[in-house]
Amino acid sequence: MRPFYKYILLTISIFLILGGGVSLFYYSIPTPPVGEVEYALASLQQASQSKAQRYSKKTYKKAKACFDSAMKHWNYQNKRFILKRDYQKVSYFAKKSAKLAKKATRSSSNLSKNLVITVRENIDKLSELIDNMNQLFHRLPLPEDYRNKISKGKILINEANVEFKKGDYLSASEKISVAEELIMGSYKKSLDDMEEYFNSQPYWNKLVRNTIRNTANNNSMAIVVDKFARKLYIYQNGLKKYEFEAEFGKNWMGRKRLKGDKATPEGIYLIKSKIPAKKTKYFRALLLNYPNAADIAYFNQEKAKGRIPKNAHIGGLIEIHGDGGKGTDWTDGCIALTNADMLKVYKIVEPGTPVVIVGSIADFNTVASNLNIKRSHTKG
Amino acid sequence: MKKTIVLGFAALTMVAMLSSCGKVPQEKIDAANAAIDSAKVAEADVYLAADFTAVQDSMSAVMADIEVQKSKLFKKFGPANEKLDRILTMAQQLKVNAAAKKEEVKKEVEGLMTEVATMMEENGKLMKKAPRGKEGAAVLEQMKAEMTAIEATITEAKGLYDNGKYMDASNKMKAAKESATKINTELNDAIAKVKVKK
């Protein structure tokens, strides 16, 4: 063989060996899990679009952490000698990330769909409850605390509405939960207070029936005051002759306990004296014999139990007087009528006329039904 | 001798082939990350949340691309370089836009504060004129409690405003405005009814 051919053959052999070596080297390089990482990334982006960071925070965070781990391992492996790289952990974390991201997307979508429904439902339910409570407000001397909580609840409903319109259903739901707690809590407590107050209703009813019977038996007259109905009735000979609108002390619900508590007393009283226009600043007045023996006994009992201060006084000067018609309970414990009504009563009744003041003639269920009060509002 | 030269040349060619990988655009990566951090400091995640997430997603995608290239024998960072340039521009623009949006929300809150303050003042005057007849006083009692709650909300909103949380302040002020408007409407209606009766 001539030397020229020898060289050609040698060069070809070298290139073949080199090419084979390079090919062997190239195909021995481990393949990174590009598809899995890309799928994990796409899944995370999908989760992010479905606001999983907000609605499925924990799962999304885990998915993101897994993706970061995948990237970290990938970066680490890429720093190693090309043939020594191992992408198993990259693949493991990428797959895990994708799985979690998908889960976060699903749960985020479900939660946001549910929230849209529940937040709307709760807003409607609370609005209905507020309407219902507005009727109660006109009748019950709700503690300022209840009133403030309800007002705060109303503002929170508005805030929830603002968040809802923006599509932030989670914030809206959080606001609604607080509003619900404030409003429901106050509503429930109001009903509890009212129900407790009505525990005395059978006794009140008996008092009123006896009083009316007495007027029939004795051909006499009596005044019956129904605080819950805000009425003053005049009975004569067993029959209801007159009916007037009445206003009471600010804290009318419950018995009068001491001077200055702005409560209107409950029990059987008598007209002690008639006070003409010149001697009263409330048009005309009928002074009652408050405190009676039962009031004094109750006062002493409460004092002995330490429920009222030792230096407290029982009070007095409870009257039926004019200057009413203000549409609210404003007296210090007296019963106020409009001047026109007061004039009629003043002319009709005489000292010694019995006056029975009760919480309510109607029972709780009747009152609750009339006011459309539902215990179900406070459930669930 | 000639044989050694040829073999040496072949070995050099192979080494050159293996080491002819492109360089990771670390400076660009750092610049893009810094721009994203800067946009976050400008509260782009609050005021332009969707855009901010999009930039973050793009950055994650580029980082994955870079790792893909790093895994290869023949690295090519050209497309990643281009993407990083785009992300840098996007993040820088996002920072500017977020600041603008924040200013816009701030102005909106200021406007709402003035508007609600005026309305509350008007409500106070209307309450004095409102009818106190049957049940009117009780309604006014409730309105007073609501006005107090609105005042408390305004105070909360002012606190948020002072702390630079304009978005939260805006939400609160919008709620306060709705409540104040409702009271205003109810009072005006009640007063108008009385006038009609007269």
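The domain assignment of chain A, in this predicted model, divides the chain into domain 1 (3-110), domain 2 (115-198) and domain 3 (200-370), the bounds being those of an automatic or database domain assignment. Residues are numbered from 1 along each chain as its sequence is written, and chains are lettered from A and ligands numbered from 1 in the order in which they are written. Because the model is predicted, local features need pLDDT of at least 70 and side-chain atom pairs count only at pLDDT 80 or more, whereas totals for chains, interfaces and linings use all residues.

Between domain 1 of chain A and domain 2 of chain A, the centres taken over C-alpha atoms are separated by 54 Å. The secondary structure of chain A amounts to eleven helices and eight strands, where helices (H or I, at least four residues) and strands (E, at least two) are DSSP runs numbered from the N terminus. Chain A has a radius of gyration of 41 Å, well over the 21 Å that the globule rule gives for 380 residues, so the chain is more spread out than a compact globule; the radius is taken over C-alpha atoms, and the rule is 2.2 Å times the number of residues to the power 0.38. Along the principal axes, the C-alpha atoms of chain A fill a box of roughly 155 × 40 × 35 Å. Of the 380 residues of chain A, 38% count as buried, a residue being buried if 20 or more other C-beta atoms lie within 10 Å of its own, exposed if 12 or fewer, and partly exposed in between, with C-beta atoms placed from the backbone. Among the contacts in chain A with a separation of 6 or more, 69% are accounted for by residues 24 or more positions apart, two residues being in contact if their C-beta atoms, placed from the backbone, lie within 7 Å.

Chain A meets chain B through 32 residues of chain A and 37 residues of chain B. On the side of chain A that touches chain B, α1 (3-28), α2, α4 (57-78) and α6 (144-166) of chain A each supply at least two residues, and the largest share, ten residues, comes from α6(A). The residues of this side divide into 15 nonpolar, ten polar and seven charged, with Ala, Val, Leu, Ile, Met, Phe, Trp, Tyr, Cys and Pro counted as nonpolar, Asp, Glu, Lys and Arg as charged, and the others, Gly among them, as polar.

One helix pair spans the two chains: the axes of helix α2 (residues 34-49) of chain A and helix α4 (residues 49-71) of chain B come within 11 Å and cross at roughly 175°. The axes are lines fitted to C-alpha atoms, for helices over the stretch in contact, and angles run from 0 to 180 degrees between N-to-C directions. The helices α2(A) and α4(B) are therefore roughly antiparallel to each other, a term for angles over 145 degrees, while those under 35 count as roughly parallel, 65 to 115 as roughly perpendicular and the rest as oblique. In this pair, V34(A), V37(A), E38(A), L41(A), Q45(A) and S48(A) of α2(A) meet T53(B), D57(B), S60(B), A61(B), A64(B) and V68(B) of α4(B). By class, the contact of α2(A) with α4(B) has six nonpolar, four polar and two charged residues.

Within chain A, I271(A) is found in strand β4 (residues 267-275) and is buried, with 20 other C-beta atoms within 10 Å. Apart from neighbours within four places in sequence, I271(A) is in contact with L286(A), L288(A), V349(A), P351(A), G352(A), T353(A) and V355(A). Y290(A) lies 19 residues from I271(A) in sequence and 9.6 Å from it in space, C-alpha to C-alpha, and is joined to P291(A) by a cis peptide bond with omega of about -5°. P291(A) has its place in the loop between β5 (285-288) and α9 (293-304) of chain A.

Positive phi values occur at R230(A), about 60° although this residue is not a glycine, and at D323(A), near 65° and likewise in a residue other than glycine.
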